[in-house]
Amino acid sequence: MSLLRRIEKGYKSGGEGGAGGPGGTGGTPLPSDADSADEQSKLAQMRVRQRAAPTSAAAARESYMDIKSRVQTKLLAELDPSMDMNRQHTEIRATMEELFTTILAEENIVLSRAERQRLFDQIVAEILGLGPLEPLLADESITEIMVNGPKNLYIERKGTLHRVNVTFESEDHVLRILDRIVAPLGRRIDESQPYVDARLADGSRVNAVIRPISLVGPVITIRKFSKQPLTIEDLIRFGTITPAIVEFLRACVISRLNIIVSGGTGSGKTTLLNVLSSFIPNDERIVTVENAAELQLRQEHVVTLESRPPNIEGKGEITIQDLVVNCLRMRPDRIVVGECRSGEALDMLQAMNTGHDGSLTTAHSNSPRDTIARLEVMCLMSGMDLPVRAIREQIASAVDLICHQERLRDGSRKITKVTEVQGMEGDVVVLSDIFEFEQTGIEAGKVIGRLKPTGLRPKFMEKLEAAGQHLPPSVFGVGQRY
């Protein structure tokens, strides 16, 4: 019964009793007064419980963290320090499980089966893996992990960002995990060197920034590589490329054309470079040059070179440019440079022009025309005082094909242009689009379009035919209707 109804009923019963009415002198207190007091006391109790709920949740979390810390510390003390943490994973995990059960019994810690498993998995991740990052790394649907300080973690899934309910204990916790990533590579990150590029064991790319240049604490960005490298069939299924362009690019790689894969950040350049590298015949010697070894080539004869940052004294740095110059003396049939960012572009062009044809690399740019401009700038960054025309002539002579890739508004990655570098006309490098992506609309948030030939045949068709690669006219749109 509502409070107003009770008050009304009380007044009525008082009026009927005469002396007990509002004007009477000998009446008893109205029932509504007691009910009102009860209602107020209940409301007060509810408010107290609501205020106590966050406090009890925080206390429960602190209690859980305390149990985890105690068990983890005791477990580390019990483990044999001579065991190789990097190689004996199965043996160590079995030993840890036995010790874990014993410690819980000794400490009189009672947990449900789910809580025991969760606690054990977290402790194993802390000791053998990368702590809170382990479940995110194990999720194959996640393509990127972003740690913005200890309490803010984001992931990329299917091209869109999501915040996840995963946290680190503190900034020191993040730094411990970060040190576990960079230490095996012989790299360091501290106040004197507050940023680093590294990689995980599976080739996933890692960039980290810490204080003082990061004001939100340690920031880690991990671009994951799938355990099974993407194949050309995967790219066709995703709509990144068409079977006709696959046939064309396979012929270009086998015919030893020099190809640059261009695009913006996260557009899939390295993935496409990896797929193009798979077309290289198995009987050729391949030398790869990268900042962090990411390429996953399946050929037998592959030599992988990786750059090195300076040591704590500022010495011992080995740049991509140094490695490109050195790999020319290693009798390569193919040179694959993970990414041209600076003066190494000039050495790469020199290699392409001096008999090392069939080379592959990537470059950041917004279009094939911008790729040419970027190559000019990177050549000037080498420190050589060269006239722009001489650089353009080198580019026009060395580069045969630019394959441009973009990440579209819906998060999908597609090849948008395949462009031939035809040569020079005056002071301008002449480009000709062989294939291009035509967007026809947006449906339910997804970009709709098609990658189609322009109808132009490339001028290097003679090179393809000389290498025994005969493409049907339909690849270039002859006799096809779009």
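Tutor: Helix α12, which covers residues 368-380, has 13 residues and reaches 19 Å from its first C-alpha to its last, close to the 18 Å expected at 1.5 Å a residue (that is, 1.5 Å times one less than the number of residues). The model is predicted, with local features needing pLDDT of at least 70 and side-chain atom pairs 80 or more, while totals for chains, interfaces and linings use all residues. Residues are numbered from 1 along each chain as its sequence is written, and side-chain values use heavy atoms, without hydrogens and water. Helices (H or I, at least four residues) and strands (E, at least two) are DSSP runs, numbered from the N terminus.

Within α12, the buried residues are Pro368, Thr371, Ile372, Leu375, Glu376, Met378 and Cys379 (under 20% relative accessible area, with a 1.4 Å probe and protein chains only). When you look down the axis of α12, these buried residues fall within an arc of 170°, so they line one face of the helix (the arc is taken from the directions between the helix axis and the C-beta atoms).

Turning to the sheet, six strands form an open arrangement in the order β3-β2-β1-β6-β5-β4, with antiparallel pairing (two strands pair if DSSP finds at least two bridges between them). At the edges stand β3 (160-164) and β4 (195-199), and each has a single partner strand, so one side of each is left without a neighbour in the sheet. Elsewhere in this order, β1 (residues 142-148) and β2 (residues 153-157) pair in the antiparallel sense over five bridges, and Leu153 in β2 is the bridge partner of Val147.

How values were computed:
Buried means under 20% relative accessible area, exposed over 50%, partly exposed in between (1.4 Å probe, protein chains only).
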